[in-house]
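Here is a quick tour for anyone meeting this structure for the first time. Have a look, and then we'll start with a pair of charged side chains.

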Amino acid sequence: MKPIKTALLALPLLAAGCNRDSGTAKIRPMEAGSVRVEDAFWSPRYEKWEHVTVGDMLDKFEGNDPAHFACGVDAFENFDLVASGARDIGRHAGPPWYDGLVYETIRGISDLLAQRPDPALKARVDGYIARIEAAQKSDPDGFVGTNTQLTEDNHRWGANGGFLRMQHDVYNAGMLIEAGVHYYQATGDDRLLKVATRLADYMVRTMGPAPKKNIVPAHSGPEEALVKLYKLYRDRPGLRAQTGAQSAAGDYLRLAEFWIGNRGVHCGYPLWGTWGNDSAERWIHEELYTAEFGPEARPAWGDYAQDSIRVFDQPAIVGHAVRATLLATGIAAAAYENGNADYIATAKRWWDDMAGKKLFVTGGVGAVHFDEKFGHDYYLPTDAYLETCAAVGVGFFSQAMNQLTGDAKYMDEFERALYNNVLAGVAASGRQYTYQNPLNTDRSERWEWHPCPCCPPMFLKIVSATPEFI
């Protein structure tokens, strides 16, 4: 298809609820490579993000930027150590979710490459993919989760007293799968998709209804990734032989549905709000859930991770704002495929609660610093936390709802978040970033990099995908 050239206009702040339509028709987004944005507002920004921001992020993940606050912290060294066979060595560069941030960056780059091919950038990413592939080859099951492998290898997927809320094993795996899908769609190169598929097949074998293990992502995002993998293999059935996929396309959708449906299905403890975080974590680390409830029991991850009760019974959006909006995005994406009334009702209920009672005028969410979470209804202080990643989550959730229903009100809020919060997350220089976006603050500096640099990859993911949503 010849690319469609269009202008995505910079719109003023929209009033909530305007431009509603009948809400009856599903929407199919354009493919990333079929749209090219050319206008006075967006084109200079895409040039800056492609030629400055992407390189800055990759340099800092490599730890070779002299201005980086922690020069020498190399995210890719983690993969090299795992590839060498290192296990339980007691050190890991970056937080436990560093792998996932690398994969998210590759996903964002993929969508840019689809629109703006860049052989040098692709070659740089291919070098990273080779290191990720080598790490996976060192594990007989195809598992790759460098923090767990290098610091607590017997706690894979949170087993044996592991703490999945912090480990992020399933989240990291989901972001690898998403990156593999996007990179293949953008470039036709299946090397990362093969890695992603092998890991997805391992999860299909491991997680699900008994006798498989009741494991759900403590940090959401993998739900939508598995839906994307399902759609790719469904639409291109000959691809399974090419990548060596061991699962049927429908198995990937069923795993995403299991993750959604089994939130809130656990032993009922710990009681996070009553016991407090420290006592709850200690109870999990000591494996008291298996001692009290049997070897197949799993602990509850609490409201923070949308895991107190079943999502279909959850009346409102709660907990960590990024995890919640990404889970909601996954529910809407799965609903688009399965048409399940419970999924649709839950996604609509959560979005209405978010947009009607917890959304700031800038499109930000997550008012409370502690646990980076939603506050109570109408708690909208001017110094609220408002993580950049959470605004990205609002955007992705709203777009998924528009895609599911055809109702324009959801894209009104996508635009609100995009223009008034997400774009503030990266400076005009393309090299500095924000984590928090309060409406009113006496500290306006952006950071060069952050001990938890989750926001730049999320920013890159949504702006690189925006042309598809026009």
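## A first salt bridge

Lys-409 pairs up with Asp-352 in a salt bridge, with the closest N and O atoms 3.5 Å apart. (A salt bridge here means a side-chain nitrogen of Lys or Arg within 4 Å of a carboxyl oxygen of Asp or Glu.) The pair links distant parts of the chain, 57 residues apart: Lys-409 sits in helix 18 and Asp-352 in helix 16 (residues 341–358). Helices are DSSP runs of H or I with at least four residues, numbered from the N terminus.

Lys-409 is buried, with a relative accessible area of 12%, while Asp-352 counts as partly exposed at 39%. Buried means under 20% relative accessible area, exposed over 50%, and partly exposed in between, using a 1.4 Å probe and protein chains only.

## How to read this model

This is a predicted model, where local features need pLDDT of at least 70 and side-chain atom pairs count only at pLDDT 80 or more, while totals for chains, interfaces and linings use all residues. Residues are numbered from 1 along each chain as its sequence is written, and side-chain values use heavy atoms, leaving out hydrogens and water.

The whole structure holds 32 salt bridges. One of them joins the side chains of Asp-56 and Arg-431, at 3.6 Å from N to O. Asp-56 belongs to helix 1 and Arg-431 to the loop between helix 18 (409–420) and helix 19 (455–465), so this pair ties together parts that are 375 residues apart in sequence. Asp-56 is buried at 2%, but Arg-431 is partly exposed at 38%.

Then there's Arg-107 with Glu-178, whose closest N and O atoms are 2.9 Å apart. Arg-107 is in helix 3 and Glu-178 in helix 7, so the pair ties together parts 71 residues apart in sequence. Arg-107 counts as buried at 4%, and Glu-178 counts as buried at 2%. Both belong to a network of salt bridges that also links Glu-104, Asp-111, Lys-228 and Lys-461.

## Helix 17

How many residues of helix 17 are buried? The count is 18 of 18, so this helix is mostly covered. Its end C-alpha atoms are 26 Å apart, which agrees with the 26 Å that its 18 residues (388–405) should span; the expected span is 1.5 Å times one less than the number of residues.

Notes. Helix = DSSP H or I, 4+ residues; strand = E, 2+ residues; numbered from the N terminus.
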